Each structure stands twice: as structure tokens, then as C-alpha cells.
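Me: I have a structure open and have not looked at it before. Can you walk me through it?

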Amino acid sequence: MTGPSRRAVLGAGIGAVAASLGGCSGNSGPVRRLRLATGPEGGPYNAFGKALALAVGASDLPLEIIPVSTAASVNNLRSLDEGSAELALAMADAAEDAVLGRESFTGPVAVTALARVYVNYTHLAVPADGPVRAVTDLAGRPVAAGATGSGVRVVAQRVLRAAGPAAPADERPLDLAASVAALREGSVDALFWSGGVPTPALSALAAERPLRFLPLDAYVAPLRARHAPVYTAVTLPAGVYGLDEPVGTIGVGNYLLARTDVEEHVVRDLLRVVFDQWRDLLREVTAGARLEPRFAISTGRVPLHPGAAAYYRSVYG
């Protein structure tokens, strides 16, 4: 965050908040329409986007959210940069790459964070009766590694590079639906996915045929050291996908993002809806998640939008 530190901004007093809230739109004025770049149909980003559009539509705000289906994180960040979307969802690693102008981005993208909304769990699924028991076993094998332009692909490629198999895996750029179909029919030996737990498409596949989920928590430290501290150790709990025991894996936050030119009062209004309705917004995305301000401001190298900072000041007091 440029200028004052995030702690200083969020530690400002209520008096500053009252002044900043004086420009709130209330329910007057023309309707502000914001395009929200989400993800593929049937995916968690798309579900979140549609739920947010409904929640905003049910409010009395002069605001409309228009969800747009995309390939997800990387494409969404490019949409913000190009101006074809005002809001977007993206994984934290891709968002930091965009802000820093590295990896998939040729230069820095002027993007701001509204909230860290929930954590994605990295899934690496293989047939339970197959020969693959570790990432290094994927050498030379076909792997569904996420659609081009998705955040799944970013984390999948980083895990595969960190594992350093004797020969590179045969990475197939497939979205979730195509990945599930490919694993079902045996045209790939493994499937990467990054999303909520449980992911319905994987639950359905696990009900058809037993799956093994490979532990990935050993790669958290190498990924943090090489790329960014956005990676954390999380656990796929016993019981989901038919797992007898928990499986350690990699967690990556998901950010709700905005272009810098979205008005501050619009961001404040939008965040009020997000925090009032977070249970409904996350119900179809990931089980057991909570959205709390102290969690939501953890957006790493991605600066908070000034309207978001004003909203969180009002929450903290």
C-alpha cells in the first residue's frame, strides 16, 4: 500500500470515518453498473459473482453488478487492466504478479483490493488405484493443469517446477469440467484444481471412482520463498471426497478486486453488502468459511482501494 501503512490507515479514528462516509450515495442518483469478471460457468468464482449480483440487486443501492464468465484469475486481471471489467475475482498469487508486473504480466497492473474473501485449497487428484503417489511420479505423464488464463494453472505450474520431476509432466490446459472428464476417461493421470472444499464436481467424481489426493504441504515453503508469502499450509479434511484421513495441501487466498477509478462511495456500499451477506455469498463456494474484516484486509502487496480502507476504518473504529 503506498503512502501511510495499512495499519496506520486502518487505525484512524471514527471522526475520519464520519467525514469519509459523508459522500455515500445512499439510494439516490443514477444506477452505477459494474462488470465483475468471475470465472467459468459452474465454478466457484461464477457462483460468488451471481450471488453478489443478487445480493446487491436486493438492496436499495443505486448499484448493479453484472457477472461476466471468464477463464478466471489471470484473464480477470487483464480485464481490469484493459477496462473491460471494473471488478474481478483473482487468486492472490496472480494478483501479486499483476501488481508487480511479472510472470504472466508484461508490466504492473493498476489494481486495488476490496477484500480477501476466502481461501482456495489446491487439489491434486489421481485415481486411487493408479501408480501416482507423489508429484515426482508425474514425470512424462499427462496432467490436467488448469485452463489457460486461470489461477489454477499458475499454482499447478509452480508446484510442478518446485517438485522438479526427472522429466516434465505433459501439461494439458483444461478447465475443471474438461479436467474431470479427462480423469474419468483416463486421458490424464492427474488433475490440478484450486477451489473451495468440497468442490461439487470433484465430489461427484469421487462418488464414481475412488480418488487419491496427493499431499502438497511440503511445497508451501519453496513456493513462498520463490514467489510470494501468499501460500499457506491448509488441510483437506477427512470425510470430503471419501478421504479416510486429512491431507495437507496449499492454500491461496482469493481477492475481490477493483480498478482504481471505481468511486470510493461505490466501494464502501459494495463492501457493506458483502459483509452483510457473506454467508449467502460463500454458501455455494466453500464449506465452513467465514468472512471477517481482520482476515479480509490481508491482501499482501495488493493495495487496498481507498473506499475499502474507509469501510474497514468504520468497522474497526
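Reply: Strand β4 (residues 111-127) is joined to β7 by 5 bridges, and the two run antiparallel. Strands pair here if DSSP finds at least two bridges between them. Helices (H or I, at least four residues) and strands (E, at least two) are DSSP runs, numbered from the N terminus.

Me: Which residue stands opposite G195 in β7?

Reply: Y121 does.

Me: Before we go on, where does the model come from and how are residues numbered?

Reply: This is a predicted model, where local features need pLDDT of at least 70 and side-chain atom pairs count only at pLDDT 80 or more, while totals for chains, interfaces and linings use all residues. Residues are numbered from 1 along each chain as its sequence is written, and side-chain values use heavy atoms, with hydrogens and water left out.

Me: Back to β7. What does strand β5 do with it?

Reply: Strand β5 (residues 142-144) pairs with β7 in the parallel sense over 2 bridges. V143 has A190 as its bridge partner in β7.

Me: How many residues of β7 are buried?

Reply: 6 of its 6 residues are buried, where buried means under 20% relative accessible area, exposed means over 50%, and partly exposed is in between (1.4 Å probe, protein chains only).

Me: Which residues of β7 point which way?

Reply: A190, F192 and S194 point one way, and L191, W193 and G195 point the other way. In a regular strand the side chains alternate between the two faces of the sheet.

Me: New topic. Which strands does β1 join?

Reply: Strand β1 (residues 32-37) runs parallel to strand β2 (residues 63-68), with 6 bridges between them. β1 is also joined by 2 bridges to strand β3 (residues 87-91), again in parallel. A37 stands opposite V68 in β2, and its bridge partner in β3 is A88.

Me: Which helix goes with β1 and β2?

Reply: Helix α3 (residues 44-58), which makes a right-handed β-α-β unit with them. Right-handed means that, with the strands pointing away from the viewer, the path from the first strand over the helix to the second runs clockwise.

Me: How do the axes of α3 and α10 cross?

Reply: The axes of α3 and helix α10 (residues 264-276) come within 10 Å and cross at roughly 110 degrees. That makes α3 roughly perpendicular to α10, a label for angles of 65 to 115 degrees. Axes are lines fitted to C-alpha atoms, for helices over the stretch in contact, and angles run from 0 to 180 degrees between N-to-C directions.

Me: Which residues meet there?

Reply: L52, A55 and V56 in α3 meet L270, V273 and V274 in α10, with contact meaning heavy atoms within 4.5 Å. By class, this contact has 6 nonpolar, no polar and no charged residues.

Me: What is the phi of A72, and where does A72 lie?

Reply: Phi of A72 is near 100 degrees, a positive value in a residue other than glycine. A72 lies in the loop between β2 and α4 (73-82) and is buried, with a relative accessible area of 9%.

Me: And Y241, buried or exposed?

Reply: Y241 is buried, with a relative accessible area of 8%. Y241 is not a glycine, yet has a positive phi of about 55 degrees.

Terms used: Angles under 35 degrees count as roughly parallel, over 145 as roughly antiparallel, 65 to 115 as roughly perpendicular and the rest as oblique. Ala, Val, Leu, Ile, Met, Phe, Trp, Tyr, Cys and Pro count as nonpolar, Asp, Glu, Lys and Arg as charged, and the others, Gly among them, as polar.
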